[in-house]
Amino acid sequence: MAVIRSRPRMPRPEPTDLHDPFHAFLQRVTRPIEFACRDAYAHLSTVRNLDHFVSEQVLGVLGERVYPQAVEAELLLLRNLFVDFHTRLSSREQQDRLSRALTLLRHLQQGSGVINGPRAFSEQEDPATHSIRSVPARPLWDLPIQFAKGVGPKRAQLMGRLGIVTIEQAFWALPWRYEDRSVVTPINKLVPAATYTICGVIGQIESTRARSRRLSILDVAIEDATGIVHAVFFNQPYLEDVLRQGVRVMMAGRVVAGRGGWTDVRLEPTQFEVLNGAEDELLHVGRIVPIYHETKGWTSRHMRVLIQGLLEEYGVDIEEVLPFSVRARHRLPPIRTAIQQVHFPPSKTDLAALDRGVTEAHRRLAFEELFLLQAALVLRQREIKEELKPFRFNPHVSQLQVLAQVLPFKLTSAQERVFGEIQADMVASRPMNRLVQGDVGSGKTVVALHALVMACGSGCQTALMVPTEILAEQHYLNLKPLLEGVGLQAVLLTSGGKTKERTEKLKQLASGTAQVAIGTHALIQKQVQFAKLGLVIVDEQHKFGVLQRKTLLEKGYRPDVLVMTATPIPRTLAMTVYGDLDLSVIDMLPPGRKPVRTMLYSEGQRRKAWQLVGDELKAGRQAYIVYPLVEESEKIDLKAAIQGAEQLQRDVFPQSRVGLLHGRLKTAEKECTMAAFKAGTIQILVATTVIEVGVDVPNATIMVIEHAERFGLAQLHQLRGRVGRGAHQSLCLLMASYLPREARVRVGRDGGPENVSHAQQRLAALVNSNDGFLIAEEDLRIRGPGEFLGLRQWGLPEFRAANLLRDADLLEQARQEAYTLLEQDPGLTRPQHQVFKAAMLRRWHGKLALGDVS
């Protein structure tokens, strides 16, 4: 009996074997197959382990290098011929498989280019220069997917839903997960609670319908040489036409125990493929299979066929964007190899690494995206610094001394340091473009106020731009008395208001009578003209976006720009969204402040919460009660806040005066309510989220946040920052509609959260930390970059391969490479950088106003 081992004894190889692994592989595989075929298959019954031997040899040679698509397909077909060779096939079927295998092997041996293996390029060579055919009439980024083979107008419309419009976008539409269908398990080895791939022939089929429910059940028996397993499909009666008796199938799914326990198992299929010898069969089974985002009428199967066709037709035309020196330094594979391996991974690729997007191929694509962005941001930063300011600011204006006398406190050392950095920018000949970060209560607004007074004292005007009218009103109400104290006039400019008042304010700005304009995006409307705009302060930048920030500059003004974030931005996002800004951090709170104690209560503990509020009121303190308010349910939310205020006044705290503050009130009413709360005549302020930023009442020491699970983590942290502004210990009570079992994040084995909802994680993070930077990182982890930033207009670029959480190290490397590249070639004028420059401008020219580079 001949037993095929992993390394069978063979005659000493020919000299070519030592230098040609592929030729040696072909000989190793051919010999036992020829032996089995010899003398009219007389030795076939003595051959064992041929399935494992061929599989191991094929996977081994595929893992050594990247082969042309046609060669890889033939190798996988060879392996597939032996997947179930010893488990199910009759003697006649085995003979047929052996005959087909020999034909395949001879075909592989006859291709001289295949026998010598694909050409290997040295580190000094750039494979992108070795194209062997002419490029298409239009570049792939401009070639509509509609004209790809097998697509057409209707399918192009479906793909448009997935964001695929061009051939290039199809290549970059990466799988979101993978399934390993390369390992086929014999049916008698199936164990419950695990996922397997099986291969067999359909035997009995039974279709039933449950009377009690509208439920159809299709029970399909699949048989191989080792046993039978039943696969169950629910509410898919149409599969009866596909899964017919005698059909050979490959199925993947989870095995579960039946009524008979572990000895009675059934398969719950997630995927199946009918093995009918079709040309594209090996795209979907017998390998690691990519799973794509789908839409009605366009499945992962369609996508795999499309990508294979595109690689064959346009693979060599995929443009290599990265300079070869950068690829060599970071050992990044060529773009064609990366695209090929991301869509059709080599057989021995780690499945977990594929799903996490951390294979060499994934990281190559992620690096390209990050490098293009970082180069654009560095260019933008340099463009700004090369401009000349039409004016200079005086750091010694008398108004700054007056401001120091008007303010009831001194700046902290951190505030002094950051204002010093701002001053140095403002007196320089190049425009300022600076981001100021700081935790809640660190005093960013006061620092910005100093910059504002310095600019206006130097004869220029300042625009303070915020995302909402409510915030604009709050800033106006808070800053107006301070500005009047130093002799400056401010106007509030929002989209509403009476026409006559608005016209008067516009005249004051155009004439220079008003030195300060506070408002929303209304400040960048065409009719708003400034006499001499010298400084733009953008607060809560993450609710604006790059384009809105740019509009002011495009109106002909070249002011200094100071950006403030009320929420700390994780480092990776700061490098991405604010990569063109210089960074200042206020890392110190004013002296005497104690961390706010945060507690989580359920509805059943409300009496205890009101008791804590009552204790603070008896001690002469004040309280906030905050209700959520979102646009989608504004009327209901507003009603809840109004009814809540009435109930508190009537039933809970009749001895205290309860005030109400919400966005629908007129400005004068808001001003009156806030003034009464600051003066202490209102003890409890019931408010919607209008108090998120800018309210400063040191005597307010307790806050109750209703329906806390409806708020985002950053928003909760902002709200909590309204208390804890005095010397007394402050409390923040989170009232949730439910109470998590424990106020902490449980961590699973993979380092991620385990069976805890996002809402629970948010509340737990707030209870466990007062550090805004830690909270921001946690918020980013929980929600991911896109949702963390809220609206897309925040300015975050959309990545196809990169992930800011996962690829922080790549982001750092890309930024360093961008600086290096632009130091060597500041204008990207060298011939070897033209492809990279063109790709960067295509992606970022409009969004980052890279006008001087094109």
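Author: A residue is called buried when its relative accessible area is under 20%, exposed when it is over 50%, and partly exposed in between, with a 1.4 Å probe and protein chains only. This is a predicted model, in which local features need pLDDT of at least 70 and side-chain atom pairs count only at pLDDT 80 or more, while totals for chains, interfaces and linings use all residues. Residues are numbered from 1 along each chain as its sequence is written, and side-chain values use heavy atoms, with hydrogens and water left out.

Strands are DSSP runs of E with at least two residues, helices are runs of H or I with at least four, and both are numbered from the N terminus.

Next come its neighbours. Two strands pair if DSSP finds at least two bridges between them. Strand β18, residues 622–626, runs parallel to β21 and is joined to it by five bridges. Another partner of β21 is strand β22, residues 731–736, also parallel, with four bridges. In this pairing isoleucine 705 stands opposite leucine 734 of β22. Between β21 and β22 the chain passes through helix α25, residues 713–720, in a right-handed β-α-β crossover. Right-handed means that, with the strands pointing away from the viewer, the path from the first strand over the helix to the second runs clockwise.

The loop between β21 and α25 holds histidine 707. Histidine 707 has a positive phi of about 50°, although it is not a glycine. With a relative accessible area of 34%, histidine 707 is therefore partly exposed.

Glutamine 622 sits in strand β18, and its bridge partner in β21 is alanine 700. Glutamine 622 counts as buried because its relative accessible area is 3%. A plain contact asks for heavy atoms within 4.5 Å. Leaving aside residues up to four places away in sequence, glutamine 622 touches residues including Phe677, Gly680, Ile682, Ala700, Thr701 and Ile702.

For comparison, here is a covered helix elsewhere in the chain. Helix α17 covers residues 444–457. Twelve of its 14 residues are buried, so α17 is largely enclosed by the rest of the structure. Among the buried ones are Val446, Leu449, Leu452 and Met454. The expected span of a helix is 1.5 Å times one less than its number of residues; for α17 this gives 20 Å, and the end C-alpha atoms are 20 Å apart, which agrees. Glycine 459, which follows α17, has a positive phi near 95°.

Alanine 455 belongs to α17 and counts as buried because its relative accessibility is 0%. Phenylalanine 393 is 62 residues from alanine 455 in sequence, yet the two are 6.2 Å apart in space, C-alpha to C-alpha. Not counting residues up to four places away in sequence, alanine 455 touches Phe393, Met426, Cys460, Thr462 and Leu535.

Some of these names return around aspartate 560. Aspartate 560 is in strand β15, residues 560–565, and with 0% relative accessibility it is buried. Its side chain makes a polar contact of 3.0 Å with the side chain of lysine 389. A polar atom of the aspartate 560 side chain also lies 3.0 Å from the backbone nitrogen of methionine 432. Among the residues that aspartate 560 touches, apart from those up to four places away in sequence, are Phe393, Met426 and Leu535.

How values were computed:
A polar contact is a pair of N or O atoms within 3.5 Å; within protein, one must be able to donate a hydrogen and the other to accept it, and residues adjacent in sequence count only if both atoms are side-chain atoms.
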